Amino acid sequence: MKRVFISVFFVLVAMIMNAQDIAGHWGGTLNIQGVKLRLVFHVSRSGDSWTTTMDSPDQGAKGIPTGKTEYADSVLTITAPALGMKFSGKWQGADKIKGTFMQGGLTLPLELTRGDEEKPFSRPQEPKPPYPYRVEEVTFENTKAGVTLAGTLTLPEKGDCYPVVVLISGSGPQNRDEEILGHKPFLVLADYLTRQGIGVLRFDDRGVGQSTGNFGTATTLNFADDVEAAVRFLKNDRNVRNIGLIGHSEGGMIAPLVASRSGDVSFIVLLAGPGLRGDHILLEQQKEMGRVTGATAGELDYSAAVNRRCFDIVLSSASSREAEPLLKAYMDSLNQAGKLPANMKDERGAELWRRQVLSPWMYFFVKYDPVPVLRDVKCPVLALNGSRDLQVLPENLGIIKKGLEARRNRSVTVKELPGLNHLFQTCESGSPTLYGTIEETFSPVALKEIGDWIKGQGF
């Protein structure tokens, strides 16, 4: 969802001709199914060997060390077994190297040119200290999972009777700022709300940043337990009376889960939250993403049919272990018949897809239907979607509203905000390929909608 965007780490190394030819900054761009990611490699010499660190400006990653490097006959080969990556490129002269980048079933062209160090995109909304409010670094425990979660609590400078919201990130490992492509949406949202007199707790996902735990084995239910731990921390340790939840994307599934089983949640805000079952969300997302990246109607239809069959296997199974041989047999039959869809390309790509579908998180997500939980939510709810969201389509709003009102929740506000994408940026196109190129991190219109609605609850 927001995460239709797949998080990938990239490794490369120094080009070894001589000190004059190679030392410096090298930049290139990977095109991953229409999503463009810039890479910058900082090359320096140490004795008879070369060392390189790598930045991915659009992902906010800097100083990533590289792995083994070999250079012979003008061909540079870099392998990083721990990350399952390999690069092979040939020196072209004129400060250029053309090669191929491989990772996890992906094989992509990568051309590097020498230049100045890449400058990050401007992010004018990102707040800078000093802040006109209190900022505290905090930790709290999810004793059920044995996980310590670390975050930042921002509180209004004056008074002690105000609501405090917990921010819940979307799918994929996210830090407390929900950082993506150089943007920090939760930092901007927390700053805005705290200036409006609303406290905010945002925290690193388990296994991310300063939080402990294993993100890769967790499901949406486990993340809901983490949020419940945040609510308990605010209620018991900080003596907060009115606690709200703001969930983005998958976080918009988690917030109702927590609110439906905790009497300590006073209100929730769903930002691009899913209303459909997970398999339908993924199929819609794949269709829209394929469309904006230039796939043909025939390719989209065939890919949807294959994915539909994969999801049906998951839906009819009692466990991932039961689904595994059935899914493997289906994928093998497609491969043997030469009928793998374009997004899988080959046997390795099909294997990667199979592992993704059977991962704890996706196996749960494919089967999860938010509507029964929405029916059990009794507190006030604000649900927002951007009209140009391609990851969770705005049509989900109607399903969310119907689910919430099924058992007479009378305090439901649903709005589709014109011209906004999945990250709530003002845009011409909702394509995720443009998220990083847009200066705006979070639409002021959306920020005002959220702040005004919370303050309107009368806390």
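In these legends, Ala, Val, Leu, Ile, Met, Phe, Trp, Tyr, Cys and Pro count as nonpolar, Asp, Glu, Lys and Arg as charged, and the others, Gly among them, as polar.

**View 1. The second largest cavity and its lining in the predicted model.** About 40 Å³ of space lies in this second largest cavity, and the residues that line it are Glu-178, Pro-185, Phe-186, His-248, Leu-271, Leu-423, Phe-424 and Phe-442. Sorted by class, the lining of the second largest cavity comprises 6 nonpolar residues, 1 polar residue and 1 charged residue.

**View 2. The largest cavity and the residues around its centre.** The structure holds 3 cavities of 30 Å³ or more, and the largest of them has a volume of about 140 Å³. Its lining is made up of 19 residues, of which Ile-168, Ser-169, Asp-205, Phe-223 and Ile-254 are the closest to the centre of the cavity. The lining of this largest cavity divides into 8 nonpolar, 5 polar and 6 charged residues.

**View 3. Secondary-structure elements at the largest cavity.** Two or more residues of the lining come from each of strand 12 (164–168), strand 13 (199–203) and helix 3 (220–237). Helix 3 makes the greatest contribution to the lining of the largest cavity, giving 3 residues. For the protein as a whole, the secondary structure comes to 12 helices and 17 strands.

**View 4. Gln-391 in the loop between strand 16 and helix 11.** The loop that holds Gln-391 runs between strand 16 (381–386) and helix 11 (396–405). Gln-391 counts as buried because its relative accessibility is 1%, and buried means under 20%. The C-alpha atoms of Gln-391 and His-422 are 6.3 Å apart in space, although 31 residues separate the two in sequence.

**View 5. The whole protein, with its burial, contacts and confidence.** Of the 459 residues in the protein, 53% are buried, while the protein exposes about 19,900 Å², 50% of which is supplied by carbon and sulfur atoms. Among contacts between residues at least 6 apart in sequence, 66% join residues at least 24 apart. The protein averages a pLDDT of 87, and 88% of the residues score at least 70. Over residues 1–20, however, the pLDDT is below 50, and this stretch has 97 contacts in the model beyond near neighbours in sequence.

Key
Residues numbered from 1 in each chain as written. Predicted model: local features only at pLDDT ≥ 70, side-chain atom pairs only at ≥ 80, totals over all residues. Heavy atoms only, no water. pLDDT = per-residue confidence, 0-100. Contact = heavy atoms within 4.5 Å. 1 Å grid on protein atoms, 1.4 Å probe; cavity = no way out; pocket = protein on both sides within 12 Å on 5 of 7 lines; lining within 4 Å. Points joined across faces, edges and corners; volume = space filled by probe spheres on them. Helix = DSSP H or I, 4+ residues; strand = E, 2+ residues; numbered from the N terminus. Buried < 20%, exposed > 50% of the residue type's maximum accessible area, 1.4 Å probe, protein only. Areas by Shrake-Rupley, 256 points an atom, 1.4 Å probe, with all protein chains shown as cover.
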